[in-house]
Each structure stands twice: as structure tokens, then as C-alpha cells.
Amino acid sequence: MASGTSLAERSEPLALRFATLGLLILSPIVGEKSARERVGYAYAVWTLLVYNLRAQHGRAVLGVLWTLLVPLIFLAVYVPILSGMMSGSSGAEDLIGSGRLAFPVYVLCGFLPWMAFVDAVQSGGACLASNAGVVHHSPIPLTILPIVKVLNGLVGLLLGSGFLFLFLAAVGRFPGPSVLLFPVAVALLGALAAGLALLFSALTVYVRDMIQIVATILQIEFFAAPLLYTPDMIGNPIGEMLIAANPMTPYLNLFRASFIREFPFAALDLVLAVVYAAVALIVGTVVFRKLELGMADHV
């Protein structure tokens with residue numbers, strides 16, 4: 001294979017093999033027509049995702065390594081600043097463990113999924129309004145565009161999390177069996193982001209103010225969600241109740257339970273994460289389908 005072969009060209013044979021296998025498996029179950037539609041949708045998503053990653057990193061000197069540099073920079077900046085915080089607090093130690101790295105790791109384990117979520121929702125929500133030509137002439141379902149943006153954000157999350165897992169192993173804080181929660185947390189966060197991206201991308205076509213509205217909501221949520229603090233830092237029952245009721249809290253808890261061995265896993269977090277993701281997907285899909293027919297007239 002030539003060294004100049006593109007990422008899309010290298011991935012195409014493998015994608016075609018998976019598509020063929022998918023057709024063989026699905027055709028007897030759902031029928032050939034339905035199988036072709038579903039496999040074609042998945043193939044289009046994969047092709048656009050690879051193209052999007054290549055366009056995003058192809059001309060950069062470091063390419064996709066920039067995605068790995070983000071958690072590295074966070075570690076370099078936040079570990080010295082946050083080391084030693086929460087020491088002496090038995091409540092915090094029960095939640096995040098002891099030692100100078102406990103609180104920095106707690107913060108980083110929330111920042112990685114949060115950054116991926118924000119990137120997915122914002123870029124997915126604006127993708128149709130900023131691509132009028134695609135809306136007018138696209139031969140593929142328009143739902144693919146926001147879904148690709150969400151998957152692009154999840155790729156960054158996976159790369160950054162892999163680096164964080166290596167860091168935790170190097171400093172003796174690898175989570176152990178609780179790491180099995182990680183793919184569940186990624187899938188649920190991706191489902192939530194996909195539902196919101198579908199909803200906001202449809203609404204933004206008709207109301208451009210949605211771009212600013214979404215950005216403002218996310219800024220407020222940055223301080224409302226337990227990203228930079230633990231619940232025991234609030235110091236009052238009402239504040240703790242508000243944190244528990246925050247829709248992002250169960251997702252952050254699932255990620256922290258997968259990264260931090262001391263962080264307790266709560267079945268309620270899993271249930272709430274499933275419910276929020278399901279509601280977002282249903283609402284986002286229904287709204288998108290209702291508004292899709294008129295998008296070409298408003299974009």
C-alpha cells in the first residue's frame with residue numbers, strides 16, 4: 001500500500017467487509033430492503049466520520065495527536081494546582097480516595113466526558129444551519145450529519161480516556177474491574193448527546209438564536225454540574241439535592257466510577273442515565289422528523 005494512501009481509502013475495504021457481513025446477518029431477520037437501508041445508513045455514517053476526522057486533522061502537523069495533547073495539557077496544568085486539595089476531608093476521601101492525585105483525577109474524570117459532550121452538542125446542533133448546500137442537495141438522510149458530529153466528539157473522548165487510563169496505571173491508581181463501566185458510560189453519554197444534537201440541529205435551522213441559547217445553557221451547566229467540586233463541598237442539603245437532580249450528574253458519576261476505584265457505583269445513576277438518554281433520543285428524533293421536510297426552505 002502506498003504511503004500516501006488516505007485514511008478513508010485505507011478504511012474502505014474493511015468498512016465494505018463489515019457492510020457485507022451486516023447484510024448477511026440482518027437480511028433474514030428484517031428483510032433485504034430494510035437491511036440494505038440500515039447497513040447503508042451505518043456505512044454512510046462511518047464514511048463521513050472518517051472523512052471528518054481526516055479533514056479536521058489531515059493538515060495539522062501533529063494530526064490526531066492533538067486529541068491526545070488535550071488530556072496531557074490538563075494533567076500538566078491541573079495536577080500541580082489541585083494536588084493536595086480535599087486532604088483531611090473524610091467525606092471526600094471516601095468518594096475519591098486519598099493522596100495528592102485524588103482531587104486532580106476526580107476533576108479530570110469529569111472534564112473529559114464534559115468536553116466531549118459540549119463538542120458533540122454544539123457542533124451537532126449547528127451542523128445543518130451552517131451547511132445549506134448539504135440540506136438542499138444531500139442524497140443521504142440529514143440525521144446522519146449531527147450523528148457524525150457526535151461520534152467525532154466520542155472519538156476524542158476515547159483517545160483522551162485511553163491516555164488517562166495509562167496515567168492512572170503509571171501512578172498506581174488503575175481502577176480495576178470498575179473499568180468495565182467505561183463503555184457503558186460512553187454509550188449512554190453518546191446517546192444523550194445524539195438526541196440533543198438531533199433536537200438542536202432541527203430547531204437551529206428555523207431559529208438561529210438556538211446557537212447562542214445552547215452555548216449559554218452549557219455555560220450555566222458547567223458550574224451547575226459537579227465538575228470542579230464534590231457534593232460535600234456544597235455544605236447544605238438544598239445544594240446537594242440540586243446537584244443530584246442535575247441531568248449531567250449520573251453521567252459524570254458513571255465515568256468517575258469507571259476511572260476511580262474508590263468512587264461508588266450507584267444503580268440509580270445507571271437508571272437515570274438510561275432514562276435521560278432515551279428521552280433525549282425519542283424527543284430529538286420525533287422533532288427532527290417533523291421539521292425535516294421544511295428545512296430546505298429555512299436554511
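**View 1. Ring pairs join Phe111, Trp114, Phe117, Phe222 and Phe223 into a cluster.** Rings of Phe, Tyr and Trp (its six-membered ring) pair if their centres lie within 6.5 Å. Planes under 30 degrees apart count as stacked, over 60 as edge-to-face and the rest as tilted. By this rule the count comes to 10 aromatic pairs. This is a predicted model: local features need pLDDT of at least 70, side-chain atom pairs count only at pLDDT 80 or more, and totals for chains, interfaces and linings use all residues. Residues are numbered from 1 along each chain as its sequence is written, and side-chain values use heavy atoms, with hydrogens and water left out.

**View 2. The protein has 12 helices and zero strands.** Helices (H or I, at least four residues) and strands (E, at least two) are DSSP runs, numbered from the N terminus. The elements run α-α-α-α-α-α-α-α-α-α-α-α from the N terminus on. Of the 299 residues in the protein, 43% are buried. Buried means under 20% relative accessible area, exposed over 50%, and partly exposed in between (1.4 Å probe, protein chains only). Contact means heavy atoms within 4.5 Å. Among the contacts with a separation of 6 or more, 77% come from residues 24 or more positions apart. The accessible surface of the protein is about 15300 Å². Carbon and sulfur atoms hold 70% of that surface. Accessible areas come from the Shrake-Rupley method with a 1.4 Å probe; for residues, only the protein chains shown count as cover.

**View 3. Phe165 and Phe182 form an edge-to-face pair.** Their centres are 5.4 Å apart, with 85° between the planes. The pair links distant parts of the chain: Phe165 is in helix α7 and Phe182 in helix α8, 17 residues apart. Both Phe165 and Phe182 are buried. Phe182 also pairs with Phe255: the ring centres are 6.0 Å apart and the planes at 80°, so this pair is edge-to-face too. Here the link runs from Phe182 in helix α8 to Phe255 in helix α11, 73 residues apart. Both Phe182 and Phe255 are buried.

**View 4. Arg256 lies over the face of Tyr106.** The distance to the ring centre is 3.7 Å. A charge sits over a ring if NZ of Lys or CZ of Arg is within 6 Å of the ring centre and within 35 degrees of the ring normal.

**View 5. Arg173 and Glu262 meet in a salt bridge.** The N to O distance between the side chains is 3.8 Å. Arg173 lies in the loop between α7 (144–170) and α8 (181–206), and Glu262 in the loop between α11 (249–259) and α12 (267–292), so the pair ties together parts that are 89 residues apart in sequence. A search of the whole structure finds one salt bridge. The term requires a side-chain nitrogen of Lys or Arg within 4 Å of a carboxyl oxygen of Asp or Glu. Arg173 is buried, at 11% relative accessibility. Glu262 is partly exposed, at 29%.

**View 6. Thr143 and Tyr41 are in contact.** Thr143 lies in the loop between α6 (132–137) and α7. With a relative accessible area of 19%, Thr143 is buried. Leaving aside neighbours within four places in sequence, Thr143 also touches Leu198 and Phe288. Tyr41 belongs to helix α2 (residues 32–57). Its relative accessible area is 29%, so Tyr41 counts as partly exposed. Beyond four places in sequence, the contacts of Tyr41 include Pro141, Ile144 and Ile147. The C-alpha atoms of Tyr41 and Pro141 are separated by 8.0 Å, although these residues are 100 residues apart along the chain.

**View 7. Leu192 is a buried residue of helix α8.** Its relative accessibility is 8%. Leaving aside neighbours within four places in sequence, Leu192 is in contact with Phe117, Met248, Tyr251, Tyr276, Ala277 and Ala280. Leu192 and Val279 are 87 residues apart in sequence, and 8.3 Å apart from C-alpha to C-alpha.

**View 8. Phe18, Leu21, Leu24, Ile25 and Ile29 make a nonpolar surface patch.** The patch covers about 560 Å². Patches are made of residues with over 30% relative accessible area and no salt bridge; like charges are joined within 9 Å, and nonpolar side chains (Val, Leu, Ile, Met, Phe, Trp, Tyr) within 5 Å. Leu24 lies in helix α1 (residues 7–30). At 62% relative accessibility, Leu24 is exposed.
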